[in-house]
Amino acid sequence: MAVVNTQPAPQDAATAGGPERGRRARRAKAGAAGGHLHGGWLTYTILAVFALGSIVPLVYSAIAASHSKARLSEATPPFWFGGRLFTNLERAWEDANLGKAMINTIFVASTITVSTVLFATLAGFAFAKLRFRAKNVLMLLVIGTMMVPPQLTVVPMFMAVAELEWSNHLQAVILPMMVSAFGVFFMRQYLVQALPTELIEAARVDGSNSLRVVWHVVFPAARPAMAVLGMLTFVLAWNEFFWPMIALTQQNPTVQVALTGLGQGYVPDQGVIMAGALLGTLPLLIAFVLFGKQIVGGIMHGALKG
Amino acid sequence: MTTEHREAAPPAKGGAAPRPTPPASGTARPAPGPKEQRRAERRSRRYRWDLKYSPYAFISPFFLFFAAFGLFPLLYTGWSALHSASMLTPNEMEWVGFENFTRLWEDEFFWKALRNTFTIGIISTVPQLLMALGLAHLLNYRLRGSMFFRVAILTPYATSIAAATLVFAMLYGRDYGVINWALDLIGIDRVDWQAGTWSSQFAVSTIVIWRWTGYNTLIYLAAMQAVPNDLYESAALDGASRWKQFIHITLPSLRPTILFTVVVSTIGATQLFGEPLLFAGDPSGGTQNQYQTLGLYMYEMGWINRHLGRAAAIAWTMFLLLIIIGIIYWVVTRWVSRSSGEEE
């Protein structure tokens, strides 16, 4: 593959001579404008292998979830779906208290998402477009807070939860996650480019105060980024594991906490465990099928200048 | 309009630049009456206050929450680390000074956990980032179905630690796992994945690699797409091969991004907790603690052995380790950028 490139690459592919170039030029027409090279069959093969590797464990969990304990304890593992999927899903749903866990998690993740997006947009707007004292230092401080590992906060938070008797109450999980440094940074990066300063000025000339500016100018401009940040936050909140495991018990769990309880029988039923793992992941997988493009775009956008 | 433009023309610099006179002060209007003038003054004062203090109002929620749920616990963890506190009575603490730390120093389980964290960190992070770099390079070609590949490699990101670990624990099962079945098929001895040190650490690392490779790929891809095309074009004109372009253009342009992912992955590796916990189903990290990480050991100390003070001491040790690693990274990047003679 490297051979091709030792030839001079002309700006306009159509003017290129030589059979190799001609083939490339023809293929280049199919793609979008831009100077990048096409991938060959090897590229596709490697990517396909990794795509499969990413999906197959999930598919296999679905296959395992459709078999009985006895079938899963045979020398040759099953490679296609069996007939017990719904039985296992039902048992996982009941054993792990998944119904309650789902409702809890939807509530927790939604609250966290709304507050994170709201506060991140406000702070991101201030950092992107407003002038105030010590702005750069404060922005560095925001980024610095990302370095604090969760282990460093659980001991006092556990003590506080014990003191307030909040153990098993959802606010114990929600409150510590209401803001996110990544969110602030993400919204700042977006609003720096996407929000024209003239628009804010024009609103100010019309006599709008800052709150009105936020409502009528910033929120509309920030809406695409808010949607993406919302999805990313929801995924993270849904999957949050360490602190909920400490603060909650199986009586009032989130999905992740409930899943840890699944494997704890004397003889664990792998089919039921897999059914539970599948159920706990399903909402996010559906979201990925529907909004995969936006989530990919969001991560890539957030990465720039990261 | 021209007067208004003064307001935003200079780039925001964070310093205490003199605030421009607000437009509502009415200097341009002809001879306002005293009553109107007072109202205009009031409005202009409110306008100035709004301009001056609203930025702080907008950023304060973040800092308030961080102070309450980040900074304060961080410091209080340090304070608890100097005390003896039981999980059963978490609010009765007894001062013990640095005893928790000196006990850690003599604690073989601590050193083992530290070693495990380090080795699992290396074997989960290095291959992961290298693969992500390669995948991003491939995805940067013009492809059909490019978005499909991106979403596909990101699906593990949607899978929670708990779900992913349960699935992999089954795949790695000693007696009925698919991986051992496949090994059997090609004539290699079955491996008791959980029992061995290397096999268990390898297995735990694959869970981390599986979950995060796609995410890092997208971050690299974003950085690659930001590299100007003419750099590649002129390099190709000079006869540089694809490989040379990758080494001499792509990698140097990606250096800040690579550093960013290395830092984030290091932080993640230091905190590794859920994967080793659920791989066996208990916080000991294997019968010989062969894959017990620091995060797991801290949990075991605090919530199984019920010594919250000593758990806090482990947490602070982890934090200090992160700071030391951060300083090493900083020195290394300084040194690299200076020795290669480039300006950062």
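Reader: How much area do chain B and chain A bury between them?
Author: About 10,200 Å², with 74% of it on carbon and sulfur atoms. Buried area is the accessible area (1.4 Å probe) that two parts lose on being put together, summed over both. This is a predicted model: local features need pLDDT of at least 70, side-chain atom pairs count only at pLDDT 80 or more, and totals for chains, interfaces and linings use all residues. Side-chain values use heavy atoms, without hydrogens and water.

Reader: Which three residues of chain B supply more of its buried area than any other three?
Author: B:Phe58, B:Arg142 and B:Arg242. They supply 9% of what chain B buries against chain A.

Reader: And how many residues are in contact?
Author: 112 residues of chain B and 116 residues of chain A. Contact means heavy atoms within 4.5 Å.

Reader: How many salt bridges cross the interface?
Author: The rule finds one (a side-chain nitrogen of Lys or Arg within 4 Å of a carboxyl oxygen of Asp or Glu). A:Arg204 pairs with B:Asp50, and their closest N and O atoms are 3.9 Å apart.

Reader: Which helix gives the largest share of chain B's side?
Author: Helix 2 of chain B, residues 34-80, with 20 residues. Helices are DSSP runs (H or I, at least four residues), numbered from the N terminus.

Reader: New topic. What is the volume of the largest cavity?
Author: About 40 Å³. A cavity is a set of points on a 1 Å grid over the protein atoms alone, where a 1.4 Å probe fits but cannot get out. The volume is the space filled by probe spheres set on the points.

Reader: What lines it?
Author: The lining includes A:Trp238 and A:Glu240. Lining residues have an atom within 4 Å of a point.

Technical notes. Residues are numbered from 1 along each chain as its sequence is written. Chains are lettered from A and ligands numbered from 1 in the order in which they are written. Helices (H or I, at least four residues) and strands (E, at least two) are DSSP runs, numbered from the N terminus. On a 1 Å grid over the protein atoms alone, a cavity is a set of points where a 1.4 Å probe fits but cannot get out, and a pocket is an open set with protein on both sides within 12 Å along at least five of seven lines; lining residues have an atom within 4 Å of a point.
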